[in-house]
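User: Please walk me through this structure in short questions and answers.

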Amino acid sequence: MSSAVTPETNHHDHPHTPNPVFENSPTYQMACRQLDAVAGAIDIDRGVLRRMSLPKRALVVSIPVLMDDNRTEVFTGYRVQHSLTSGPSKGGLRYHPSVDLGEVAALAMWMSWKCGIMNLPFGGAKGGIGVDPALMSRGETERLTRRFTEEVLNVIGPRMDVMAPDLGTDEQTMAWIMDTYSMKVGYACPEVVTGKPVELGGCIGRREATGRGVTYCILEAMKELNLRPEETTAAVQGFGNVGSVACQELARNGVKILAISDRYGAIHNAKGIDVAALTRHVAGGKLLKDFPGAEPIAPSDLLLTPCTVLVPAALERVIHKDNAKRLRCRILAEGANGPTTPEADVLLSDSDIYVIPDVLCNAGGVTVSYFEWVQDIQQFLWSEDQVNQKLKELMLRAFHQVRGLARERKLAMRTAALSLGVQKIAKEKMRRGLYP
Ligand code: NAD
């Protein structure tokens, strides 16, 4: 059946043709190794697998920006679309100094699997600019964002590729992209981005969606492990969009937050950190590490904090072969994308740590982004209750599908989750066939 569709089917060479453009990136290698692991666990057409191991397209742009001191600085930006098989591609835009093409390509691939697991009509994409947003003024950031939008204009659009906030970007970034795009097409086009301010057609609850989804997964895992939230503790790496909301939601459910970190430092309080007070402290422009209600600790110790739940919610590859054996948590809930390396995964599979993999755990963000896109297209707004109820329903459905498959096939949670996502897209690719 498949030979007409994918002529490569009969070749039994390595499924991942090395591509020099991406292959030097450790994060991209990691995404490919995960895909390899899935290919070993499920029956999948080799040609489709090859196609899925590389992005559909990747665009690299130079972004000249007039800085406040009248210098012209040139930044490098990326937009990678891994798949457009299931619908427009969807994925965040990150501003971080270490962003590179391979990392963005890996993140785009993960978005495809995530949308597959959640059964959303999207493919995966990701974008990034190599910049430290903390060193930019608001005006510089706005000019950077608008010029980047202009440079990628030909490959974005509500039916083509829809951006959302990620590391270092927020609602305001999305508002500038929406405005720039709308000025170009000549009419207001809120559906070109998600995670925008509510006044511009953003969805109530989108900002909190990822952290909420993380919390739903954690509470479900606790149920299975017979743990009562009020008797559990957590440590959270990152206090941005995902980390801060996860802290608030966990605390609301009775979980004691022992330790939190951000890029400037880490803090600990054995009696539990007052998350509301910390949120006010940070909102007041002060540093997390100066919070008076906790003691500073070494940032590298945060992940090793003895606790029930560890939530990495900052960067990739922070759990690796050198610290995986030293984690002291019962549940590892991956709020960040790609926090655990494949080497660490092998070590964790020997432990009793319950891993809730990123593609499932942080899928609440893209799920509510989907709700936002649907509302913008229909010009019909949902209530906050509708959003939250539907988010919970979809998260729990995906959680139990993954858990069920992991149990039935005796797979690691990550392999089970990725299998569901990869298989959905593989099926669609087979059905659509290979053009021409
Ligand atoms: P953010 O920029 O809002 O927050 C990032 C946080 O991480 C900040 O508190 C920052 O200080 C901290 N951080 C940076 N470097 C650190 C370090 N070395 N050690 C400890 N903390 C550090 O970003 P975000 O949107 O919360 O994204 C965090 C992660 O979650 C990323 O991996 C992102 O891809 C993923 N994610 C985000 C969303 C979303 O909806 N925003 C959805 C899915 C996944």
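User: What radius of gyration does the chain have, and what would a compact globule with 436 residues have?
Analyst: The model is predicted. Its chain holds 14 helices and 12 strands. The C-alpha trace spans about 65 × 60 × 45 Å along its principal axes. A compact globule with 436 residues would be near 22 Å, so the chain agrees with that at 21 Å.

User: Which residues come nearest to the ligand?
Analyst: The shell around the ligand has seven nonpolar, 10 polar and five charged residues. Out of 22 residues around the ligand, the nearest are Asp166, Gly168, Thr210, Val242 and Asn337.

User: How much of the ligand does the protein bury?
Analyst: Start with backbone N or O atoms facing ligand oxygen atoms. One of Gly240 lies 3.2 Å from such an oxygen, one of Ala314 lies 3.1 Å away, and one of Arg263 lies 2.9 Å away. Taken alone, the ligand exposes 830 Å², and the protein buries 84% of that.

User: Which element gives the largest share of the lining of the second largest pocket?
Analyst: This pocket holds about 500 Å³ of space. Its lining counts 24 residues, and Asp345, Ser349, Ala412, Met413 and Arg414 are the closest to its centre. Two or more lining residues come from each of α1 (26-41), α10 (342-349), β12 (354-356), α13 (384-409) and α14 (413-432). The largest share, five residues, belongs to α10.

User: How many residues in the lining of the second largest pocket are nonpolar, polar and charged?
Analyst: Sort the lining by residue class. The second largest pocket has seven charged, four polar and 13 nonpolar residues in its lining.

User: Where is Asn226, with its positive phi?
Analyst: Asn226 has phi near 60 degrees, a positive value in a residue other than glycine. Asn119 also has a positive phi, near 60 degrees, and it is found in the loop between α3 (101-117) and β4 (123-130). Asn226 sits in the loop between α6 and β6 (233-237).

User: What is omega for the peptide bond from Tyr435 to Pro436?
Analyst: Pro436 lies in the segment after α14. The bond from Tyr435 to Pro436 is cis, with omega near 5 degrees.

Conventions:
Residues are numbered from 1 along each chain as its sequence is written. This is a predicted model: local features need pLDDT of at least 70, side-chain atom pairs count only at pLDDT 80 or more; totals for chains, interfaces and linings use all residues. Side-chain values use heavy atoms; hydrogens and water are left out. A residue is near a molecule or strand if one of its heavy atoms lies within 4 Å of it. A polar contact is a pair of N or O atoms within 3.5 Å; within protein, one must be able to donate a hydrogen and the other to accept it, and residues adjacent in sequence count only if both atoms are side-chain atoms. Accessible areas come from the Shrake-Rupley method with a 1.4 Å probe; for residues, only the protein chains shown count as cover. Ala, Val, Leu, Ile, Met, Phe, Trp, Tyr, Cys and Pro count as nonpolar, Asp, Glu, Lys and Arg as charged, and the others, Gly among them, as polar. On a 1 Å grid over the protein atoms alone, a cavity is a set of points where a 1.4 Å probe fits but cannot get out, and a pocket is an open set with protein on both sides within 12 Å along at least five of seven lines; lining residues have an atom within 4 Å of a point. Grid points are joined across faces, edges and corners, and a volume is the space filled by probe spheres set on the points. Helices (H or I, at least four residues) and strands (E, at least two) are DSSP runs, numbered from the N terminus. The radius of gyration is taken over C-alpha atoms; the globule rule is 2.2 Å times the number of residues to the power 0.38.
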